[in-house]
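Please keep the sequence and the coordinates at hand while reading.

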Amino acid sequence: MPVVLIVDDEPDIRESVQRWLSSAGMSTGFACDGMDCLAQAAKLCPDLIVMDVLMPRMNGITAIRELRNNDKFATTPILVLSASLADENEAYIAGANQVLAKPYQGRQLIQVVQQLLLDETRLSDGRAIST
């Protein structure tokens, strides 16, 4: 069962994302900002991270940069949820794999997460990695 870390300062959004991902058979953990994300990622070793951008203490862009500078999370897929198109380019530059606009559609969220998880289990030539 894939483990997904959901990082957002708004409890309603964390819970909504959690419900959708749980319905697709995924296990979830939570963080309320970028600082908490780094601590929770170290504990959970998530297969994927869903990241908000605008958060207190440490924003999502800074958290992505920190994760990408850590060998343990350098290739962990990161999906950014953002209501701002201005954040999209910055998120990709920081190392996000995908950006999904808020408000998102639940089925679209599941589809993007599943695709990112699938992509992570494939070699560059398209062959599946045996686990």
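Which residues does glutamine 40 touch, not counting residues up to four places away in sequence? They are Leu5, Phe30, Ala31 and Cys45, where contact means heavy atoms within 4.5 Å.

The model is predicted, so local features need pLDDT of at least 70 and side-chain atom pairs count only at pLDDT 80 or more, while totals for chains, interfaces and linings use all residues. Residues are numbered from 1 along each chain as its sequence is written, and side-chain values use heavy atoms, with hydrogens and water left out.

**Sheet architecture**

- Five strands form an open sheet with parallel pairing, in the order β2-β1-β3-β4-β5. Strands (E, at least two residues) and helices (H or I, at least four) are DSSP runs numbered from the N terminus, and two strands pair if DSSP finds at least two bridges between them.
- The edges are β2 and β5 (98-101), each of which pairs on one side only.
- From one strand to the next, the twist averages 20°. Axes are lines fitted to C-alpha atoms, for helices over the stretch in contact, and angles run from 0 to 180 degrees between N-to-C directions.
- Strands of a sheet pair through backbone hydrogen bonds, either parallel or antiparallel.

**Strand pairing**

- Strand β1 (residues 3-7) is largely enclosed by the rest of the structure, because four of its five residues are buried. Buried means under 20% relative accessible area, exposed over 50%, and partly exposed in between (1.4 Å probe, protein chains only).
- β1 runs parallel to strand β2 (residues 27-31), and five bridges join the two; here valine 4 has threonine 28 as its bridge partner.
- Four bridges pair β1 with strand β3 (residues 48-51), also in the parallel sense. Leucine 5 has isoleucine 49 of β3 as its bridge partner, and valine 7 stands opposite methionine 51.
- β3 is joined in turn to strand β4 (residues 78-82) by three bridges, with the strands parallel; methionine 51 stands opposite valine 80 of β4.
- On β3, Leu48 and Val50 point one way and Ile49 and Met51 the other, and all are buried. In a regular strand the side chains alternate between the two faces of the sheet.

**Helices and crossovers**

- A right-handed β-α-β unit is made by β1, helix α1 (residues 11-23) and β2. A crossover is right-handed if, with the strands pointing away from the viewer, the path from the first strand over the helix to the second runs clockwise.
- Another right-handed β-α-β unit consists of β3, α3 and β4.
- Helix α2 (residues 34-44) lies across β1, β2 and β3 and runs at about 150° to β2.
- In helix α3 (residues 60-68), the buried residues are Gly60, Ile61, Ala63, Ile64, Leu67 and Arg68. Seen down the axis of α3, these residues fall within an arc of 160°, so they line one face of the helix; the arc is that of the directions from the helix axis to the C-beta atoms.
- The packing partners of the buried α3 residues are α2, β3, β4 and α4 (85-94).

**Individual residues**

- Glutamine 40 is placed in helix α2 and is buried, with a relative accessible area of 18%.
- Glycine 25 lies in the loop between α1 and β2 and is partly exposed, at 36% relative accessibility.
- Leaving aside neighbours within four places in sequence, glycine 25 is in contact with Met1 and Pro2.

**Cysteines**

- The structure holds zero disulfides, a disulfide being a pair of cysteine sulfur atoms within 2.5 Å.
- Cysteine 37 is buried, at 0% relative accessibility. Its closest cysteine sulfur, in cysteine 32, is 10 Å from its own, which is too far for a bond.
- Cysteine 45 is partly exposed, with a relative accessible area of 38%. The cysteine sulfur closest to that of cysteine 45 belongs to cysteine 37, and at 12 Å it is too far for a bond.
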